[in-house]
Structures are given as structure tokens and as C-alpha cells.
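Please read them with the coordinates open.

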Amino acid sequence: MGNFLSGAHARLICSGGAGSAANTCKCCEITLIGRDPARFDPLALDQLDATARLDGMGKVVGLPDLHAGNGIAVGAAFWSPDRIWPHLVGSDIGCGMALWQTSLPVRKFRVGQVDRRLQGLDDPWDGPVEDALAAAGLPRELGMLSLGGPSLGTIGGGNHFVEFQRIEEVVDPQRFAALNAQEDRVWMMVHSGSRGLGQAILSAQMDLTGKSGLPAATPEARAYLTRHDQAVAWAVVNRRIIAERFLNAVGLSGECRLDITHNSVTAYRDGWLHRKGAAPADCGLVVIPGSRGDFSYLAEPVAEQAEVALSSLAHGAGRKWSRNDAHARLSRRYKVADLQKTRLSSHVICEDRRLIFEEAPEAYKDIAGVIGDLEAAGLIRVIARLRPLLSYKTRAS
Ligand SMILES: Nc1nc2c(ncn2[C@@H]2O[C@H](COP(=O)(O)O)[C@@H](O)[C@H]2O)c(=O)[nH]1
Ligand SMILES: [Mn+2]
């Protein structure tokens, strides 16, 4: 395995290339984005290495939020000239982050009042599911029970959330003003995906073709891509309905400022780009969250260096501890009540006693370091930093 430096803060750890005289390694090129490669988790690197050895893989990138996943590293991008691997996208096809500017001035935000109004939001949406899907160009059948219809408009479990935030700091006033963004408003971030639909698509695909790479031109790959694209579009509608439900509950209006997908496979440079927990650098502004107890960053991707990282960015801070580790360590140290407030004085609604430990801010890496790595690699320019006010995960116990 070669050890080369490519660009300012991107480390090419393997040049790969079967048949290369200087390198007998079977893996493709792996680039890590980060100032200190020693900080990457060895298990996540092993997982990255395994994907780099898949027959037909062309290039692999580990982003600063890289962490071990369920067999596949999260915080990574995988490019192939001619193959698609559904399991690299995973089950939460289309998961992403939306950021809304609300009509509420920060000075009028009352945490207790908002908390009291956020009721019934884990229940199925009582709106016209099939019409909402049809308006997005999706088949009405996707509203069926077996395809996750009743979950449309709900956040789901895990680390999906809705968070009310305020602007802590405008880092680039010119850019901020050009967006017509308002510093004195409450903002709202929505993180969710395709719920049961994405899971159903992946599990049917695994039954059919397992983990083998699908040659992109085959009917199998085309059929998967059609279902995948529907799940991505479903997830966008889901985030919009979630946002509208939360805004309505609090009596607010809002404008969606961005909606980005971090789990997908898309056509890219005459091939196929799989993003597994990677924000796109080619779809406009991004928001990169830290944790419920840390800041989030509104940023603009920088086009010049994007190719080094397969036009991908960190999608969050990334986990430092697994869910089990976080629960084991923190349930000894804290009571549930301790975790309902964060070090940034924000308020947490999470009535799932296990999840509140698993998702504690300590379980995540330091977001400032992740953002510093992206800036040092010349991949983003930060526009503003947002502070959490209230994070909603679930009322279900
Ligand atoms: N601002 C908040 N950020 C959070 C919260 N919980 C998790 N996170 C961050 O989001 C990403 C999402 O990761 P994914 O792999 O599930 O898509 C994660 O890495 C954290 O950085 C929260 O409550 N508030
Ligand atoms: Mn996600």
C-alpha cells in the first residue's frame, strides 16, 4: 500500500490499480480528508479498505466525519465507472438535512411554550398522503401501508430529529446578506429519510442480488435505480411535510433554504457515485450539524477542490462512540434529566430512555474539528454558525 499526499489536507492512502508495477495492492485509490489521518477510527478505515477492494470500484473518499457503520463506513463516498452497489447506499435511501428559516423572531422564542405545542408529531400525518406523493411525481401506490405510506411526515427513530436553532455567528456577512437570510429569526433543521420505504427497497434488493455490484447498464440496476430515485424523492417530500407539521404546531410559517441528500447513488463523471453519509458539494448550500449539544454550520461548497473529495462533504460530526458504548458509558454518569438540557442550554425532547443516552453530544466528534478539516482542504466556506434551542427526537417512550 502506497502512502502519498495529494493536495493540502487530503491524504491519498492507497494508489491501488491492479497491474500497476509499483503497487500490487488490489484496492482502488482511497483519499482521506482530514488534517490528522491518525484521528481516523481504525475500524472505519478497515471498512473503507474493504469497499476499495470491491471489483469495479474506482475511487473511495473518507470524509472528516468518517466512522464505522453496520459493515460500511459512514461519512464516505464511493465512485465506480460502471457498477452500482445498493448496500453501499444502505436502507435509509434519501436521508438528508433540510434547513428552514421560520417567521419567529428569536426574542419571541419561549422554549416551554414550543415544547407544549409539539404534540402528536410521532403519529401518522392525517393529510392527503397519496396527493402529496402524486404532486411530487411519485406513484400513488407509495402511499400504501406496506410501502411506508403511513410514515410519511414522521421523523422516525435513531438520530433523526427536528431542531429549532438561532444564528450564533454570521461568519461571512456578505454571503449571508446575499441569501436574504435573517439573523434574528429562529431556524429549523429537519433530518429524516425514506423510513420503511427505503428499508423495503434494500431488503428486496438483497433478496434478489445480494451484495454483488450491479453492472449499471443491466435491467436489474435500472430497476433498482428507479426505486432508489423514488425513495430519494419520497424523503424530500417527507422532510417538507415534517417541517410543515412542526411549523403548524408552533403557529409559524417558514421558507425552506436548503434540502440535501446524504445517502444516495447518482450519475457522476461518466460513472456512479455512492454517498453513504456524505453531503453533496454540487447541489448548492449545505448545513452540517454537530449534535444536539453542539453548533451546526451553514456553508457554501468550494468548487475548485471538490473533485478531490468526489464532490462530497462531511454530513455531520460523525460518531465517536457506538450506540452501545454511548449507552454503557453515559448511563452510569448521568440521569435522564441531566440530558434534557445541553451545555449550550438547549432543551431536548427525547422520551425514549435508551435513545437519549445513545444520542448524547459526547457520543459525537467535535464538529469544529470536522469543519476545520473541510476548510483546510479548501472544500467549504462557512457562512454562519447555528446554536440549538430545542431538539426534538421523539415523545414515544
Ligand atoms: N444538530 C444536531 N445534530 C445531530 C443530532 N443528532 C445527530 N446529529 C448529527 O447529525 C448527523 C447525522 O448522521 P446520520 O449518519 O444519521 O445521517 C450525525 O453525524 C450528527 O453529527 C441532533 O439532535 N442535533
Ligand atoms: Mn441521515
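The points that follow go from conventions to the metal site, the annotated residues, the pocket, and then the backbone.

1. Conventions. This is a predicted model, in which local features need pLDDT of at least 70 and side-chain atom pairs count only at pLDDT 80 or more, while totals for chains, interfaces and linings use all residues. Residues are numbered from 1 along each chain as its sequence is written, chains are lettered from A and ligands numbered from 1 in the order in which they are written, and side-chain values use heavy atoms, with hydrogens and water left out.

2. The metal site. Which atoms coordinate the manganese ion (ligand 2)? The donors are SG of Cys95, NE2 of His191 and NE2 of His262, at 2.2 to 2.4 Å; a donor here is an N, O or S atom within 2.8 Å of the metal (3.2 Å for Na, K and Ca), and because water is not among the atoms, sites may look incomplete. Along the sequence, the spacing of these donor residues reads C-x95-H-x70-H. Helices and strands are DSSP runs numbered from the N terminus (H or I, at least four residues, for helices; E, at least two, for strands).

3. His191, which is found in strand S9 (residues 185-192), counts as buried at 6%. The classes are buried for under 20% relative accessible area, exposed for over 50%, and partly exposed in between, with a 1.4 Å probe and protein chains only.

4. Annotated positions. An unreviewed UniProt entry gives the feature "binding site" at His191 and His262. These residues span 72 residues in sequence, yet no two of their C-alpha atoms are more than 10.3 Å apart, so they gather at one spot. UniProt positions are in the numbering used here, feature names are shortened, and annotations may be inferred rather than shown by experiment. The unreviewed entry also carries the annotation "active site" at His315; in the model, His315 lies in the loop between strand S17 (312-314) and helix H8 (323-333) and is buried at 14% relative accessibility.

5. Asn263 is in strand S12 and is buried, with a relative accessible area of 7%.

6. The second largest pocket. About 230 Å³ of space lies in this pocket, the volume being the space filled by probe spheres set on grid points that are joined across faces, edges and corners. A pocket is an open set of points on a 1 Å grid over the protein atoms alone, where a 1.4 Å probe fits, with protein on both sides within 12 Å along at least five of seven lines, and lining residues have an atom within 4 Å of a point. Its lining has 17 residues, and Gly293, Thr342, Arg343, Pro361 and Glu362 lie nearest the centre. By class, five are nonpolar, four polar and eight charged, where Ala, Val, Leu, Ile, Met, Phe, Trp, Tyr, Cys and Pro count as nonpolar, Asp, Glu, Lys and Arg as charged, and the others, Gly among them, as polar.

7. Helix H7. The 32 residues of H7 (residues 219-250) should span 46 Å at 1.5 Å a residue, and the end C-alpha atoms are 47 Å apart, which agrees; the expected span is 1.5 Å times one less than the number of residues. Gly251 follows H7 and has a positive phi, near 80°.

8. Backbone points to check. Most residues other than glycine have a negative phi. Asp270, not a glycine, has a positive phi of about 60°; Asp270 lies in the loop between S12 and strand S13 (271-276) and is exposed at 80% relative accessibility. Leu310 also has a positive phi, near 50°, but is buried at 3%, in the loop between S16 and S17.
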